[in-house]
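Please look over the sequence and the model before reading on. The briefing goes from the whole chain to a few local features.

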Amino acid sequence: MPMPTASPVLDLLATLDETLDEVNAADLSRLDESQLRTLLHGVERVARKAAVASHTTITEISDRGSHTRWGYKRVAQMVVGELKISASDAARRLRVAAATVCMRSFTGEMQEPKHFDLSQAVFDAELSERHADEILKVLEKIPDAVSAEKRERAQRVMTESARDLDPRQIEAVGDRLLAHLDPDGTLTDDADRAKRRGLSLSRQDASMMSKLKGELDPATRAMFDVLFDAWARPGMNNPEDPESPSGSYSDPDTDRDLADAAAQRDTRSAPQRRHDALSAMAAWFIANGTLGSHRGAPAQVVVTMTYEQVMEMAGVATTMSGGLIPVVDALELAKANNLLLAVLDAQGLPMFLGRSRRLASAAQRIAMWINALGCTFGGCTAPFTWTEAHHVTDWSKGGLTDINQLTPACPDHHSMVGDGPEQWQTVIVEHGRYKGRCAWIPPASIDPERQPRINHAHHPEELLEQAWERARTAEDPDRSDPWGG
């Protein structure tokens, strides 16, 4: 039996956990097919109810502001950091929670959920979190000019229809509903379109490819049409054809024979031509040097690679934004003068750079990136391009702007450093395998022993080393490493 706790809720949770252990250990071969089907639906129902419990727990944490005392600036950071789920999964959970959980008002009174029917269906496990999120995406597209009565009716209709649909089918039903609410498109205005605009770039996959998707407002679409008509026409900006006119080619009509010959050789598809045009636009814009700097670092492509990689023309280089690029492609970019290249020695350590001013120089920013790769707060995955230069010893207290006293920190975590009882402190590690790295010391409310923490999120090889270390420690309990974290 589980040990009793001070809270009946935690006792119930412990009992549920124990019950599920028993279910998982059961011999399912004794069940007939009807019973197996009942088990399948029953387990899904339990999973959906567990999601509701997560929604209400997260809402209570948010209402209390507990996440800030646990070392998180935002609730989304807390969900990712505590539950180790992806940022997209955390965002979906928060969206559904905000729409389906009773909220506490400023006066302390409980208010009904934003979408009552949807909330009831989720609470009763008739709809999953994914179902609810797809419904919310449809409801967010309803023009503001639609009356509140029709919007409420739309919510009920979508909730009812979703009971018999999988999440992918909800979008199709939603499109029909939106067409019914605004058949002529006259209710949709610039404010509605502004809410929907956006572009998102996925993480790189195993082939180092990324997916770009989004929605463009009418004006942006019109400008893209002009750019693609000029830069993505057959024969233009073809990386496979060294004689292809480039984007900087002022007017292909001045040499029609050259343009026609390049078009005849062009075997790319229209999507491939648009991709190459976008790549050429970015290269041309960056090479012109008009972007200035970003957070103190040059607004250019900056990569690191080893001396051996340069000599062998093989391997993968790392960019300051956390991306990967084949060495051959990186060196090709360097020829176009739109890339800064840092070649590392065998140890991969940046040289010492001192500075008498408060702000870090561009060279120091690059050196910080080589050392840390991103925000140094434990578990933070923010790439270096999102960070600020943090003085380990505060500048106002005599801290120096020297490379061995600077560390990158994203704005959310940078603001958490200070001398207050709920604030974090930073130190440079002086011994062990992480010598020279920045460690963050949590407040006593998070860790009474205030053990320094190293961020390994940007160093997957260290996470693998730690896994091996834990395995060895399990075999030899006397073996330990204070910086194994």
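The points below are grouped by topic.

The model is predicted, and its secondary structure comes to 18 helices and 14 strands. Of the 485 residues of the protein, 33% count as buried, and among contacts between residues at least 6 apart in sequence, 52% join residues at least 24 apart.

**Helix H1**
- Helix H1 covers residues 8–25, and its 18 residues reach 26 Å from the first C-alpha to the last, which is close to the 26 Å expected at 1.5 Å a residue.
- At the start of H1, the backbone nitrogen of Val9 has a side-chain oxygen of Ser7 within 3.2 Å.

**Strands E11 and E12**
- Strand E11, made up of residues 388–391, pairs with E12 in the antiparallel sense, and the pairing runs over 4 bridges.
- His390 has Thr407 as its bridge partner in E12.
- In a regular strand the side chains alternate between the two faces of the sheet.
- In E12, which spans residues 406–409, Leu406 and Pro408 point one way while Thr407 and Ala409 point the other way, and all of these residues are buried.

**Aromatic rings**
- With ring centres required to lie within 6.5 Å, the count comes to 3 aromatic pairs.
- One aromatic cluster is formed by Phe377, Trp424 and Trp440.
- Elsewhere among the rings, the face of Phe123 has Lys49 lying over it, at 5.8 Å from the ring centre.

Note on methods:
Residues are numbered from 1 along each chain as its sequence is written. This is a predicted model: local features need pLDDT of at least 70, side-chain atom pairs count only at pLDDT 80 or more; totals for chains, interfaces and linings use all residues. Side-chain values use heavy atoms; hydrogens and water are left out. Buried means under 20% relative accessible area, exposed over 50%, partly exposed in between (1.4 Å probe, protein chains only). Helices (H or I, at least four residues) and strands (E, at least two) are DSSP runs, numbered from the N terminus. Two strands pair if DSSP finds at least two bridges between them. Rings of Phe, Tyr and Trp (its six-membered ring) pair if their centres lie within 6.5 Å; planes under 30 degrees apart count as stacked, over 60 as edge-to-face and the rest as tilted. A charge sits over a ring if NZ of Lys or CZ of Arg is within 6 Å of the ring centre and within 35 degrees of the ring normal. The expected span of a helix is 1.5 Å times one less than its number of residues. A polar contact is a pair of N or O atoms within 3.5 Å; within protein, one must be able to donate a hydrogen and the other to accept it, and residues adjacent in sequence count only if both atoms are side-chain atoms. Contact means heavy atoms within 4.5 Å.
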